[in-house]
Amino acid sequence: MATFALKSFTGLRQSSTEQINFVSHVPSSLSLSQRRTSLKVTASRASPKLANRNLRVAVIGGGPAGGAAAETLAQGGIETILIERKMDNCKPCGGAIPLCMVGEFNLPLDIIDRRVTKMKMISPSNIAVDIGRTLKEHEYIGMVRREVLDQYLRERAEKSGATVINGLFLKMDLPENWDSPYVLHYTEYDGKTGATGQKKTMEVDAVIGADGANSRVAKSIGAGDYDYAIAFQERIRIPDDKMTYYEDLAEMYVGDDVSPDFYGWVFPKCDHVAVGTGTVTHKGDIKKFQLATRNRAKDKILGGKIIRVEAHPIPEHPRPRRLSKRVALVGDAAGYVTKCSGEGIYFAAKSGRMCAEAIVEGSQNGKKMIDESDLRKYLEKWDKTYLPTYRVLDVLQKVFYRSNPAREAFVEMCSDEYVQKMTFDSYLYKRVAPGSPLEDLKLAVNTIGSVFRANALRREIEKLNV
């Protein structure tokens, strides 16, 4: 993937506020960059042609995965319904997005709160390593608020022709035969029926579950459980002079005090910082870890006021089953959050788009019924493209997050400019950065040395504790 020039991101938000009614075709007013009707269509020969209507697909969940899926479906000729309960949802999420996402998803710059060009990785002994020296002038990590990003993607899906419903998905009745509809049961909140809402049903041909870690769609298809982390975050408004320090800087803290298996963070937003942490193994101690994270950063957030507290489960690995007949899972519902870094926004949006593209392709732009083989193409493409990344980060977490000496070694390794370049190139562009064989060899030797030093230090600490 080529490096994105900053100028190519400018002016991508549609300024029109015209209300577009629900349609099942591709609106001609869309720009060429937003059209996705050039997909090669190869529906199964056995798939019947739909009579006097287009394929109907429900997207459950209106986060990055659901918004991206609904937009792609609507632009591809699918009759699309998106159901989201919390239109102002503020998920406890660090909010970091890679540079490639800005270009791939045509994100306007005004929804990005901060462009982080510097990071500090801070060890258990408070040794800080500056990261970001290898970034080019136009490169940065975008910091967004989820309520802003999610709303933007939903609105864009609606402008593309999707129907957006403020509702709570309850359950679905599975079809009796291969071409019968799924019957969705949900509560719609239209502002007229009060807090209780109105119970409704809907028939659709396929369902995309983008409803997060506690996915009801996943439960409906028996997708199985997975380990999950608890993420806890406080939004803290700090004095202007303190905020200046975080203008283009993010911090990551590692240590048993902030998390036994993850990290603590301080990420800058528009007028505040997000301070948080997470854990899989010690969920009951999450508030203790959060207090420790605040204490590690206390001098830099002194005088701050907590304006919001958030907590949410974060999946640790893909579900045992992500697909059943004409139902597919994407984003957190499928378990697409990386270990070690905890990144999920880009992978959520990407999986939503990939799944929707498979449906558009398999249905010949909404003209034919789909089956499981069409959706399986999405899974095959996803696993081939991204599963190796998940496996590598899983190994890194197991090696470097297991003890404080190992974390010290990890921070030491992050001071190497070659490590920084390879890491940022891979993160910003979601590609395997080509390395230098000589530098790779040096990195391997240095990594082994760091691990050995960490083990030696751990043994010495154990002796002192006896």
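Does Gln397 count as buried or exposed, and at what relative accessibility? The legends below refer to a predicted model, and the answer is given with the view of that residue.

**View 1. The whole protein, before the close-ups.** This predicted model contains 12 helices and 18 strands. Of the 466 residues in the protein, 55% are buried. When contacts between residues at least 6 apart in sequence are considered, 74% of them join residues at least 24 apart.

View 2. Gln397 lies in helix H9, which covers residues 372–400. With a relative accessibility of 9%, Gln397 counts as buried, because the cut-off for a buried residue is under 20%. Its side chain reaches the backbone oxygen of Asp261 at 3.3 Å. Apart from neighbours within four places in sequence, the residues in contact with Gln397 are Asp261, Phe262, Glu316, Lys339, Cys340 and Arg402.

**View 3. Packing of helices H8 and H9.** Two packed helices are described by the angle between their axes and the distance between the axes. For helix H8 (residues 345–362) and H9, the angle is about 150 degrees and the axes are 7 Å apart. H8 is therefore roughly antiparallel to H9, since angles over 145 degrees count as such. The crossing of H8 past H9 is right-handed. On the H8 side, the contact is made by Tyr346, Phe347, Lys350, Ser351, Met354, Cys355, Glu357, Ala358, Ile359 and Gly362. On the H9 side, Asp374, Leu375, Tyr378, Lys381, Trp382, Thr385, Tyr386 and Tyr390 take part.

View 4. Eight strands form an open sheet with mixed pairing, in the order S10-S9-S8-S2-S1-S11-S18-S17. Strands S10 (198–204) and S17 (323–324) stand at the edges; each has a single partner strand, so one side of each is left without a neighbour in the sheet. Helix H1 (residues 64–75) packs on the sheet and touches strand S1 (56–60), strand S2 (79–84) and S11. The direction of H1 makes about 165 degrees with that of S2.

**View 5. Strand S1 and its pairing with S2.** S1 and S2 run parallel and are joined by five bridges. Val57 has Thr80 in S2 as its bridge partner. In a regular strand the side chains alternate between the two faces of the sheet. In S1, Arg56, Ala58 and Ile60 are on one side, Val57 and Val59 are on the other, and all are buried. S1 is thus mostly covered, with five of its five residues buried.

**View 6. Strands S11 and S18.** Strand S11 (residues 206–209) pairs with strand S18 (residues 327–329) in the parallel sense, over three bridges. One of the residues involved is Gly209, whose bridge partner in S18 is Leu329.

**View 7. Packing of helices H1 and H3.** The axes of H1 and helix H3 (residues 146–159) come within 8 Å and cross at roughly 15 degrees. The two helices are therefore roughly parallel to each other, and their crossing is left-handed. Pro64, Gly67, Ala70, Glu71 and Ala74 of H1 meet Arg146, Leu149, Asp150, Leu153, Arg156 and Ala157 of H3.

**View 8. Helix H10.** Eight of the 11 residues of helix H10 (residues 404–414) are buried, so the helix is largely enclosed by the rest of the structure. The buried residues are Pro405, Ala406, Arg407, Ala409, Phe410, Val411, Met413 and Cys414.

Definitions and conventions:
Residues numbered from 1 in each chain as written. Predicted model: local features only at pLDDT ≥ 70, side-chain atom pairs only at ≥ 80, totals over all residues. Heavy atoms only, no water. Pairing = 2+ DSSP bridges. Helix = DSSP H or I, 4+ residues; strand = E, 2+ residues; numbered from the N terminus. Contact = heavy atoms within 4.5 Å. Axes fitted to C-alpha atoms, helices over the stretch in contact; angles between N-to-C directions. Buried < 20%, exposed > 50% of the residue type's maximum accessible area, 1.4 Å probe, protein only. Polar contact = N/O pair within 3.5 Å; in protein donor to acceptor, adjacent residues only side chain to side chain. Parallel < 35°, antiparallel > 145°, perpendicular 65-115°, else oblique. Left-handed = near helix turned anticlockwise from the far one by under 90°.
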